[in-house]
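Subject: A structure for you to look at

Hi there,

Here is the structure I promised to pass on. Please open it alongside this message, and I will walk you through what turned up.

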Amino acid sequence: MKVKTMIYVLGALVSCFLLSREAFATDGKTKKAYGVYEFVVQSAQGSFDEVAQTLEKSAAEQGWQVLAQIDAGVPEACSYRARVLVLLQPAYAQAIMTANRETGPFGVVDRVNIFEDEKGLHVAVVNPHSINRTILMNDAAFAEMSEQHLLALRQMILIAVLGTESHEQFGPARDEGHIGKTMGVMAGGAFVDKIVDEAVIPAGNFEQVVNMVRKGLSVPSPKWGMHLVYETALPEYETVVFGTTGTPMDSKSFSIVKAGGSDARKGFKCPGLAHAAAYPIEVVVTKQGADVKVRLVHIMFRMKMYFEDAGKWAFMKNMGMPGSMQDEIKAQINSGLATN
């Protein structure tokens, strides 16, 4: 379907739907809704940089590898800040990969968001319950693993940061891992079906491909400024995960989502910073049989994972952005692969 036709169809449908405002609640049976993000500390004590540095130290002391500290871009005229810590806990990463070698690479890292708003300085995390349920495709066998990892994340933060402890969840709220199509037509389905092989190198040299992809991702993309910010190797699985992000890609995302599903944050100047831990985006290089594959999650689907609470109208108005992002990442990959 052509883009103009798609816009027309979505425009006709949107009037028949309210913005998505799913509840954080159980359904009375077995399903439980989880938000994509969870506050750990609100109104944290200390300066922005002091809290970030303390958290980096605490993570290292508690067994995480600190892969990156990334200052997020902010919307125009926003005086607040956001910084994302990208962390890897090796035992947890191994458990995720053991659970599902194909989808697992997209869930091995943790992201902690330190951000400011009118109520002060806060620390939030990407909720393993929500993300794992999607990435591992509703496999209930890993719910306890997710809970224990969330508790470990929270403990690591709470021993380092003083403030008001919080369990408040926000962002998209889902009572299952499966993400359906928006208005029946846009970007839904099982996670495994949303993994895109952007390049397949038959009988490729794994290390050589990794080096070339690294080189390609290191050059910022022309429109969205995406560039390599971390990498982590999972050698026993012949897999490397790269992370890419940049501005204005991130700041535009925060301007689109605004307060999302949080009514309490609607009056804030730049509430979208609460979603900063949606990034970086994962680019996975993995060996399967004799082939080496360079993979992404379909970007529109990934945007729904982390920003669906922006509402259907916001997705419709900005439906060209995810495809543009994916095209730029693919071009970076191909540029790297063209080198020797």
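Let me start with the largest cavity, where helix 7 makes the biggest contribution to the lining, with three residues. A cavity is a set of points on a 1 Å grid over the protein atoms alone where a 1.4 Å probe fits but cannot get out, and lining residues have an atom within 4 Å of a point.

Before going on, please note that this is a predicted model, in which local features need pLDDT of at least 70 and side-chain atom pairs count only at pLDDT 80 or more, while totals for chains, interfaces and linings use all residues. Residues are numbered from 1 along each chain as its sequence is written, and side-chain values use heavy atoms, with hydrogens and water left out.

**Cavities**

The whole structure holds five cavities of 30 Å³ or more. The largest has a volume of about 120 Å³, a volume being the space filled by probe spheres set on grid points that are joined across faces, edges and corners. Helix 7, helix 8 (299–307), helix 9 (312–317) and helix 10 each give at least two residues to its lining. Among the lining residues are Ser253, Ile256, Val257, Phe307 and Met321. By type, the lining has ten nonpolar residues, two polar and no charged; Ala, Val, Leu, Ile, Met, Phe, Trp, Tyr, Cys and Pro count as nonpolar, Asp, Glu, Lys and Arg as charged, and the others, Gly among them, as polar.

The second largest cavity comes to about 80 Å³. Strand 4 (109–117) and helix 4 each supply at least two of its lining residues, and the lining includes Tyr92, Asp110, Arg111 and Ile131.

**The largest pocket**

A pocket differs from a cavity in being an open set of points, with protein on both sides within 12 Å along at least five of seven lines. The largest pocket contains about 280 Å³ of space. Its lining has 14 residues, with Arg133, Asn138, Asp139, Ala140 and Ala143 nearest the centre. Helix 4 (128–135) and helix 5 (143–158) are the elements that give two or more residues to this lining, and helix 4 has the largest share, three residues. The lining is made up of four nonpolar, five polar and five charged residues.

In what order do the strands of the open sheet run? The order is 8-12-11-10-9, with antiparallel pairing; strands pair if DSSP finds at least two bridges between them. Strand 8 (195–201) and strand 9 (227–234) are the edges, each pairing on one side only. Helix 10 (residues 320–337) packs on this sheet, touching strands 8, 9, 10, 11 and 12, and its direction makes about 15° with that of strand 8. Contact means heavy atoms within 4.5 Å, and angles run from 0 to 180 degrees between N-to-C directions of axes fitted to C-alpha atoms, for helices over the stretch in contact.

Strand 8 and strand 12 (residues 291–297) are joined by six bridges, and valine 196 has leucine 296 as its bridge partner. Strands 9 and 10 pair over seven bridges, with alanine 233 opposite valine 240.

**Backbone details**

Most residues other than glycine have a negative phi, and most peptide bonds are trans. Two bonds here are cis: threonine 247 to proline 248, with omega near 20°, and tyrosine 279 to proline 280, with omega near 15°. Proline 248 lies in the loop between strand 10 and helix 7 (249–257), whereas proline 280 is in the loop between helix 7 and strand 11.

Enjoy exploring!

Terms used. Helix = DSSP H or I, 4+ residues; strand = E, 2+ residues; numbered from the N terminus.
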